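Dear colleague,

Please find below the structure that I am handing over to you, together with its sequence. My findings follow directly after it.

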Amino acid sequence: MTEEEWEAIKNRNKSYDGRIFCACKTTKIVCRPSCTSKIGKRESLEIFYNLEDALEAGYRPCYRCRPDLEDWEGAGVDLAMQVKDFIEKRYQEKFSMKKMADYLHNNEDYMGRVFKSVTGWTPLQYHNFIRCQKSLEYLKDREVSVSMAGYNVGFVSPSHYTKVFKSIYGISPSTFRKRFYQEEI
């Protein structure tokens, strides 16, 4: 291992990801240089220049940095995508961080922090956004009342639906409906 490679591993330098792979002889795990796992002693590490050689030497890919997944963006992004998927599939249900954390086998505080850092939204904000987005189709249907559009996507009160919709789109649901039909004519 060169001094440059050791420095890349010590500093968790992402620019070396894919160029070198760091394998720990004691754990038999191979990582990306940017892995956030504890760094082993220099003498316990072995460098490989492609993952296949490390796997052939008997190392397994790290579950934290996933060197076996080329386009993997990290555990945080992975968790955020799981949260998004959970919310998008259950947007009509009452929102509960506990229920989501239990389902995803995660800690609700950690999950909320990671989701916000990756997306810029809290899970509740994203939940409300998805609900309002889904309600647009109901608002375009004249047979469905504005209140019913809110109920259909899981809001329990028309006033709360209007308040959330306004905070996202800058107009009320009824104003959206009026503008939609004016543009259609």
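In this predicted model, helix 6 (residues 123–139) packs against helix 8 (residues 158–169) at an angle of about 100°, and their axes are 10 Å apart. Axes here are lines fitted to C-alpha atoms, for helices over the stretch in contact, with angles running from 0 to 180 degrees between N-to-C directions. Helix 6 and helix 8 are therefore roughly perpendicular to each other; angles under 35 degrees count as roughly parallel, over 145 as roughly antiparallel, 65 to 115 as roughly perpendicular and the rest as oblique. Helices (H or I, at least four residues) and strands (E, at least two) are DSSP runs, numbered from the N terminus.

On the side of helix 6, the residues that take part are N128, F129, C132, Q133, S135, L136 and L139, and they meet Y161, V164, F165, I168 and Y169 of helix 8. Contact means heavy atoms within 4.5 Å.

N128, in helix 6, is buried, with a relative accessible area of 13%. Buried stands for under 20% relative accessible area, exposed for over 50%, and partly exposed for what lies in between (1.4 Å probe, protein chains only). Not counting residues up to four places away in sequence, N128 touches F155, V164 and I168.

On the conventions, residues are numbered from 1 along each chain as its sequence is written, and side-chain values use heavy atoms, with hydrogens and water left out. Because the model is predicted, local features need pLDDT of at least 70 and side-chain atom pairs count only at pLDDT 80 or more, while totals for chains, interfaces and linings use all residues.

As to the chain as a whole, it holds 9 helices and 4 strands. From the N terminus on, these elements follow the order α-β-β-β-α-β-α-α-α-α-α-α-α. The chain is more spread out than a compact globule, because its radius of gyration of 24 Å is well over the 16 Å that the globule rule gives for 185 residues. That radius is taken over C-alpha atoms, and the globule rule is 2.2 Å times the number of residues to the power 0.38. Along the principal axes, the C-alpha atoms fill a box of roughly 70 × 35 × 25 Å.

Buried residues make up 38% of the 185 residues. Of the contacts with a separation of 6 or more, 56% are between residues 24 or more positions apart. The accessible surface of the chain is about 11300 Å², and 50% of this belongs to carbon and sulfur atoms. Accessible areas come from the Shrake-Rupley method with a 1.4 Å probe, and for residues only the protein chains shown count as cover.

Two backbone angles deserve mention. Most residues other than glycine have a negative phi. R66, however, has a positive phi, near 45°; R66 lies in the loop between strand 4 (60–61) and helix 3 (75–89) and is partly exposed, at a relative accessible area of 26%. H105 also has a positive phi, near 55°. H105 is in the loop between helix 4 (97–103) and helix 5 (108–119) and counts as exposed, at 74% relative accessibility.

Several individual residues complete the account.

- R64, in the loop between strand 4 and helix 3, is partly exposed at 45% relative accessibility. R64 and C31 are 33 residues apart in sequence and 8.4 Å apart in space, C-alpha to C-alpha.
- D17 belongs to the loop between helix 1 (3–10) and strand 1 (21–24). Leaving aside neighbours within four places in sequence, D17 is in contact with R32, P33 and S34.
- A101, in helix 4, is buried, with a relative accessible area of 2%. Outside four places in sequence, A101 is in contact with N106, N107, E108 and M111.
- Y181, in helix 9 (residues 173–184), is buried, with a relative accessible area of 11%. Beyond its neighbours within four places in sequence, Y181 is in contact with L139, K140, D141 and R142.

Yours sincerely
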